[in-house]
Amino acid sequence: RREAAREAIRQIGAKALPLLLQRMDPQTDAELGSRMQAVKAFQLLGPAAQPAIPALARLLNDKRSASDAARALAAIGPAAVETLAGGLGHADAQVRASAARAVGEIGEGARPAVPALIKCLKDEDLNVRSGAIASLERIKHDPETVVPALIDVLKEGDLSVRIAAAAALGAFGGQAKAAVPELTKAAASKAEFLRDAAAGAL
């Protein structure tokens, strides 16, 4: 049934937008659950849901709905990058983490978010840092700035974040030559997963 509903939304496409946007109107008495159903529909519609960006931005700023809103914004594509990048500076860590994870799903079209993602590498929240690393790996842009920032992460801190940084550096390939000394050190680490990630990046 769910798949049939999803396909129906895809077939209806932009024709469904007025009804879905009505559910998102903060002036209506629609419950959060109803709004979240609309959010999932926007995610399925992808770029056609661009008119929903302002409404999704409001839900992104609510930690209860941030994760789903961020995914829907990412599905819309480059037009939603500015909104997701704004979420990276939110006061709530859950909102920041949701935006950090999602923006990289846009790929190269999310290049404008790279400076904000680099700032997130020093966030106090582990999930924000991890999400930022994953997105920088997917976007794969501006190695002159991103690679040194990832090297700093690789040097110290939480083990899971260091492992993610090593893998991300590997994704930059020859553009990450400056990371070879630190990756070589990490490849000799006593921590098996860090060792493997670093070795794979070299």
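How much accessible surface does the chain have, and what share of it belongs to carbon and sulfur atoms? The total comes to about 10400 Å², and carbon and sulfur atoms hold 51% of that. Keep in mind that this is a predicted model.

**Stop 1: the whole chain.** Show the chain as a cartoon. You will find 13 helices and zero strands. Of the 202 residues, 44% count as buried. Now consider contacts between residues at least 6 apart in sequence: 58% of them join residues at least 24 apart.

**Stop 2: the core.** Nonpolar side chains tend to be buried together in soluble globular proteins. Here the largest nonpolar core has 64 residues. Select Leu-84, Leu-117 and Leu-169, the residues with the most contacts inside that core.

**Stop 3: around Leu-84.** Stay on Leu-84 and look past its neighbours within four places in sequence. Its contacts there are Leu-60, Ala-70, Leu-73, Ala-74, Ala-99, Ala-102, Val-103 and Ile-106.

**Stop 4: a helix pair.** Select residues 126-139 for helix α9, then residues 159-171 for helix α11. Their axes come within 9 Å and cross at roughly 10 degrees. Angles under 35 degrees count as roughly parallel, so α9 and α11 are roughly parallel to each other.

**Stop 5: where the two helices meet.** Show side chains on both. From α9, pick Leu-126, Arg-129, Ser-130, Ile-133 and Glu-137. They meet Ser-160, Val-161, Ala-164, Ala-165, Ala-167, Ala-168 and Ala-171 in α11. Colour this contact by class: eight residues are nonpolar, two are polar and two are charged.

Methods
Residues numbered from 1 in each chain as written. Predicted model: local features only at pLDDT ≥ 70, side-chain atom pairs only at ≥ 80, totals over all residues. Heavy atoms only, no water. Axes fitted to C-alpha atoms, helices over the stretch in contact; angles between N-to-C directions. Helix = DSSP H or I, 4+ residues; strand = E, 2+ residues; numbered from the N terminus. Parallel < 35°, antiparallel > 145°, perpendicular 65-115°, else oblique. Contact = heavy atoms within 4.5 Å. Nonpolar A, V, L, I, M, F, W, Y, C, P; charged D, E, K, R; others polar. Core = buried A, V, L, I, M, F, W, Y, C linked by side-chain atoms within 4.5 Å. Buried < 20%, exposed > 50% of the residue type's maximum accessible area, 1.4 Å probe, protein only. Areas by Shrake-Rupley, 256 points an atom, 1.4 Å probe, with all protein chains shown as cover.
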